[in-house]
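Hi,

Here is the structure I promised to pass on.

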Amino acid sequence: GISPDPRLGDDTAPLVGEWKYPLDKPHGPVLCTSRRVRTGGHPGVDKQIMREESVAERTPKDGDTCFVHYDMWQLNASGEEVWSTRRESEPHQIVVGKAIPASDGKRRHHPALYECVRAMVPGERALFRVPPELCYGEAGNFSFPAVPPNCWMLVDVELIGAKGGETMERADMLYEERIERVKSHRTKGNELFRGGDVAAAAREYEMSLSFLTDDMMMQLFGAYLDEAEGEKLPAHLNLCACYLKMERHHDAIDQAGRALGVDPTNAKAFYRRGKARRALGQDEAARADLLKALGFSDGASDPAIERELAALDGEERRSNHALRGVWRGLFDPTGFEDAGVDADGAKERLDDVDEAGKKPGKSEEAGGRGKRFFGRLLERLGFVSDVLTSDRGTHT
């Protein structure tokens, strides 16, 4: 188990320990066993490494644009959440050192983020304790967010990337400028992924998504919305593929769900979420997702999905000794034949990253895909009637 947070200066604590969210507070504050050290910057700020970055990169400097995910909680008995970018899967952009007016309640905590990222390298995730003067000061904040006077903060920061020389903030960009950056980051991410640098690819996809904010998406319509969704969908799918390879299965499930929010009939999203759920031992949910992936895939069948289902069925049979005799032969993976289909190629197609594409129209979703989906489910009905009864199409 995870012990209480170590005292500052306790050299017996591991430099990089474990971290988790408490069972009674699934949204934090997070608990971490890593060694607490002073950052050497602003007095009072200390740091615990949650995930280190193995590649040597420089720390951000003033004027750099940083892409961050962060959660911020009051460091008191309440542990109330102040900010979270992870809930919306929308990385935040900050310009390090930029002055924030005292009247700007939404960004008064940015000096705290500046102090955190100055002590980090891209790819790192760390937990910081930050004094009031870097956040909401002696007066606190009345609402949105509500913060009491002289409140310290606990800040969980992931530095996704840092870029020097960016002269324009996201909020000041035109639509065309944002989309150009989205495409640039996604393309670079695809190159890194196929070159084997999955962690760096994931950071590029995160930075790509940081330009597709909800406030911008809500203002789009017609061809502009189609183009933006055509970029957002592969970014979520590709980030999901990265997290699967990195064995960050909860994050993979989250990204697949966000992809399904853009395209509710996307076979890759169901397939990848099914794989992540299977890795976490969520067998029934994994099977439901894989069946939907099979139903929405192109062609009469998909050997990669069939193999995942067969492997899942085999695991269940081996783990359930009491029913082994009843189910013997029904879910036998050795009984599945490829019939000359390139199963390895199918799996590579499902596991590879995506390029941008047009989101399918509603008529296609309601027509061709829907017919294929129910047709294939009927083919397997004798094997999965219990899953269909309990699922009722809720895993979207």
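Helices (H or I, at least four residues) and strands (E, at least two) are DSSP runs here, numbered from the N terminus. Bear in mind that this is a predicted model, where local features need pLDDT of at least 70 and side-chain atom pairs count only at pLDDT 80 or more, while totals for chains, interfaces and linings use all residues. Residues are numbered from 1 along each chain as its sequence is written, and side-chain values use heavy atoms, with hydrogens and water left out.

First, the loop between strand 8 (125-130) and strand 9 (153-163), where proline 145 sits. What does the side chain of asparagine 141 have by the backbone oxygen of proline 145? A polar atom, 2.7 Å away. Another backbone oxygen, that of serine 143, lies 3.0 Å from a polar atom of the asparagine 141 side chain. If we leave aside neighbours within four places in sequence, asparagine 141 is in contact (heavy atoms within 4.5 Å) with Gly105, Arg108, Tyr136, Ala146 and Val147.

The loop between strand 8 and strand 9 also holds asparagine 150, which has a positive phi near 50 degrees without being a glycine. Asparagine 150 is partly exposed, at 49% relative accessible area. Glutamate 247, likewise not a glycine, has a positive phi of about 60 degrees. You'll find glutamate 247 in the loop between helix 5 (222-245) and helix 6 (249-262), and it is exposed, with a relative accessible area of 62%.

There is a cis peptide bond between glycine 28 and proline 29 as well, with omega about 15 degrees. Proline 29 is in the loop between strand 1 (19-20) and strand 2 (31-32).

Now the aromatics. Rings of Phe, Tyr and Trp (its six-membered ring) pair if their centres lie within 6.5 Å; planes under 30 degrees apart count as stacked, over 60 as edge-to-face and the rest as tilted. That rule gives four aromatic pairs. One of them is edge-to-face: tyrosine 175 with tyrosine 224, at 5.2 Å centre to centre and 90 degrees between the planes. Tyrosine 175 is in helix 2 (residues 175-194) and tyrosine 224 in helix 5, so this pair links distant parts of the chain, 49 residues apart. Tyrosine 175 counts as buried, at 14% relative accessibility, whereas tyrosine 224 is partly exposed at 43%. Phenylalanine 270 and phenylalanine 296 make a stacked pair, 5.9 Å centre to centre with 20 degrees between the planes. Since phenylalanine 270 belongs to helix 7 and phenylalanine 296 to helix 8 (residues 283-296), the pair ties together parts 26 residues apart in sequence. Both phenylalanine 270 and phenylalanine 296 are buried.

Last, helix 7 itself (residues 267-279). Eleven of the 13 residues are buried, including Ala267 and Arg277. After helix 7 comes glycine 281, with a positive phi near 80 degrees.

Cheers

Notes. Buried < 20%, exposed > 50% of the residue type's maximum accessible area, 1.4 Å probe, protein only. Polar contact = N/O pair within 3.5 Å; in protein donor to acceptor, adjacent residues only side chain to side chain.
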